[in-house]
Amino acid sequence: MAEMFKNFINGEWVTSKTGATFNDINPADKSEIVGVFPKSGAEDINMAVEAAASAFDKWRKTPAPARAEIIYKAEKLLRKKKDDIAKIATAEMGKILDETKGDVQEGIDTAFYMAGEGRRLFGDTTPSELKNKFCMSIRMPVGVVGLICPWNFPVAIPSWKIFPALICGNSVVLKPASDAPASSMELVQILQEAGMPKGVVNLVHGSGEEAGMALLNHPKVNLISFTGSAEVGKRIGEICGKNLKRCSLELGGKNAQIVMDDANIDLAVDGALWGAFGTTGQRCTATSRLIVHKGVLKEFTEKFVERAKKIRIGNGLSPDTDMGPVINESQLKKIHSYVEIGKKEGAKLLMGGYFYEEGECKKGFFYMPTIFADGHPSMRIAQEEIFGPVVLIMPVNSFEEAIEVINSTNYGLSSSVYTKDINRTFKAISDIQAGITYINSPTIGAETHLPFGGMKNSGNGHREAGKEVLNIFSEWKAVYIDYSKRLQKAQIDTAKEH
């Protein structure tokens with residue numbers, strides 16, 4: 001019998017008011033239930049928001065260094081429990097154990113980095129235009145923030161949102177993805193153990209349509225931070241815009257790796273394999289296009305296909321596995337439908353293109369690594385996010401054409417260029433329309449102290465991670481202190497003096 005789990009509201013683990021539940025399924029073996037979770041509704045969300053609203057004032061008045069001490073304790077607990085949490089994450093979302101360990105490590109790194117902001121949270125001091133007057137800017141918390149997270153990084157992405165939100169003095173309601181709720185529960189348990197006051201962090205499980213929409217529409221939620229698809233992001237942005245609710249959207253990508261004729265081909269193949277098939281291609285930064293100069297097209301393609309054929313597919317908990325399952329049946333069917341679209345569009349299928357059902361893989365949602373050649377920017381598989389182990393090779397004649405092709409989509413999240421030419425390197429950095437550019441490394445591999453986010457349909461201009469994330473979870477307040485003992489009029493008095 002699978003274990004039953006609860007929501008976490010106002011410092012207590014409580015059952016949902018709906019009484020309904022859903023199963024957290026292991027995608028490597030759909031007969032295995034990782035846990036049974038509450039399918040919460042608007043009443044549960046309301047309880048969580050009210051708890052967060054009640055806790056907010058005391059939490060915001062807690063000195064930031066004291067808030068940081070709790071996060072430091074959480075970082076130590078995450079480090080201690082890293083291997084156990086990684087196993088839970090692999091069991092519920094499928095990626096290999098090395099990757100889920102990296103996922104937890106990202107949470108550890110984020111906690112450590114953000115706790116350091118407890119003794120920074122810098123504002124600015126600046127001269128006044130008037131005599132005997134002092135000017136500065138300071139950060140203020142936003143209030144109650146709603147965090148809606150995806151399943152593919154079930155520890156890292158909630159950490160990217162929770163820790164900066166808390167260090168800025170906000171209270172939190174977290175709604176994790178239904179495909180990976182157990183990992184978020186582990187993170188919240190750690191915060192509880194670290195001494196987080198009641199009501200500051202709340203966790204409500206449930207679907208996006210019910211729990212997510214209730215969180216989005218709640219009048220006491222001041223900010224929504226969402227990571228997911230562009231389609232859902234547009235809907236969230238529309239609702240937040242109507243209500244003047246602050247909104248941070250980190251959305252999808254159609255990321256590409258450029259391989260120039262002077263590139264280290266073996267290194268470029270290494271990067272393409274990791275970028276395209278790491279996490280089974282289920283990353284917003286995954287490499288779904290390979291833009292290859294015709295001078296090295298044959299060599300690159302042959303080596304890439306040869307290496308891809310050696311990828312070992314299976315349960316992510318097995319040390320012999322290189323690539324795990326797709327998250328669920330719906331996504332499995334979506335991936336295959338795009339493969340069929342690619343065939344009809346005239347792309348040449350070099351390998352894969354089918355459900356992988358060898359041995360134990362019959363029990364889960366597995367898809368063969370799939371490589372198309374002869375790609376063109378007009379193809380749907382060159383424009384639309386597939387979110388699976390499918391990559392399209394697109395030949396180009398020049399560096400200029402490569403830049404044109406990489407910028408030919410509505411997305412602009414991550415990008416990569418393999419070249420030994422320093423001039424091309426800086427031209428690529430300047431001309432590629434993406435929030436992230438890697439040189440001689442794949443499109444995946446963000447570090448927690450740099451800003452993360454994209455241009456165009458990959459987001460709405462905000463950046464997660466790094467110090468820039470603080471601009472999501474805090475408001476700027478300008479402060480003027482006049483000690484002249486008389487009325488001074490900015491602009492007016494200054495103009496008279498000049």
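User: Which element gives the most to the lining of the largest pocket?
Analyst: A pocket is an open set of points on a 1 Å grid over the protein atoms alone, where a 1.4 Å probe fits, with protein on both sides within 12 Å along at least five of seven lines; lining residues have an atom within 4 Å of a point. Helices (H or I, at least four residues) and strands (E, at least two) are DSSP runs, numbered from the N terminus. Two or more residues of the lining of the largest pocket come from each of α7 (208–217), β10 (223–227), α8 (230–242) and α11 (329–345). With six residues, the element that gives the most is α8.

User: What kind of model is this?
Analyst: Residues are numbered from 1 along each chain as its sequence is written, and side-chain values use heavy atoms, with hydrogens and water left out. Local features need pLDDT of at least 70, side-chain atom pairs count only at pLDDT 80 or more, and totals for chains, interfaces and linings use all residues, as the model is predicted.

User: What volume does the largest pocket have, and which residues lie nearest its centre?
Analyst: A volume is the space filled by probe spheres set on the grid points, which are joined across faces, edges and corners. On that basis the largest pocket has about 1,000 Å³. Its lining is made of 43 residues, and those nearest the centre are W151, F226, G228, S229 and V232.

User: Which element gives the most to the lining of the second largest pocket?
Analyst: The second largest pocket has a volume of about 370 Å³. Of its 24 lining residues, E106, F153, W160, R283 and A446 are the closest to the centre. At least two lining residues come from each of α4 (97–116) and α5 (156–167), and the element that gives the most, with seven residues, is α4.

User: What radius of gyration does the protein have?
Analyst: The radius of gyration is taken over C-alpha atoms, and the globule rule is 2.2 Å times the number of residues to the power 0.38. Because the protein has 498 residues, a compact globule would come near 23 Å, and the value for the protein agrees with this, at 24 Å.

User: What share of the residues of the protein count as buried?
Analyst: Buried means under 20% relative accessible area, exposed over 50%, and partly exposed in between, with a 1.4 Å probe and protein chains only. The protein comprises 15 helices and 21 strands. Of its 498 residues, the buried share is 57%.

User: Which residue of β16 stands opposite T370?
Analyst: Two strands pair if DSSP finds at least two bridges between them. Strand β15 (residues 370–373) is joined to β14 (348–351) by three bridges in the antiparallel sense, and to β16 (390–396) by three bridges in the parallel sense. In β15, T370 and F372 point one way and I371 and A373 the other, all of them buried. The residue of β16 that stands opposite T370 is V390.

User: Which residue of β19 is the bridge partner of S414?
Analyst: Strands β18 (residues 414–418) and β19 (436–439) pair in the parallel sense. The covered face of β19 holds I436 and Y438, while T437 and I439 form the uncovered one. The partner of S414 in β19 is I436.

User: Is T280 buried or exposed, and which residues is it in contact with?
Analyst: T280 sits in the loop between α9 (265–277) and β13 (287–293). Its relative accessibility is 1%, and therefore T280 counts as buried. Contact means heavy atoms within 4.5 Å. Leaving aside neighbours within four places in sequence, T280 is in contact with M323, G324, P325, V326, G388 and P389.

User: What is the phi of A465?
Analyst: Most residues other than glycine have a negative phi. A465, in the loop between β20 (455–456) and α14 (470–473), counts as buried because its relative accessibility is 5%. Its phi is positive although A465 is a residue other than glycine, at a value near 65°.
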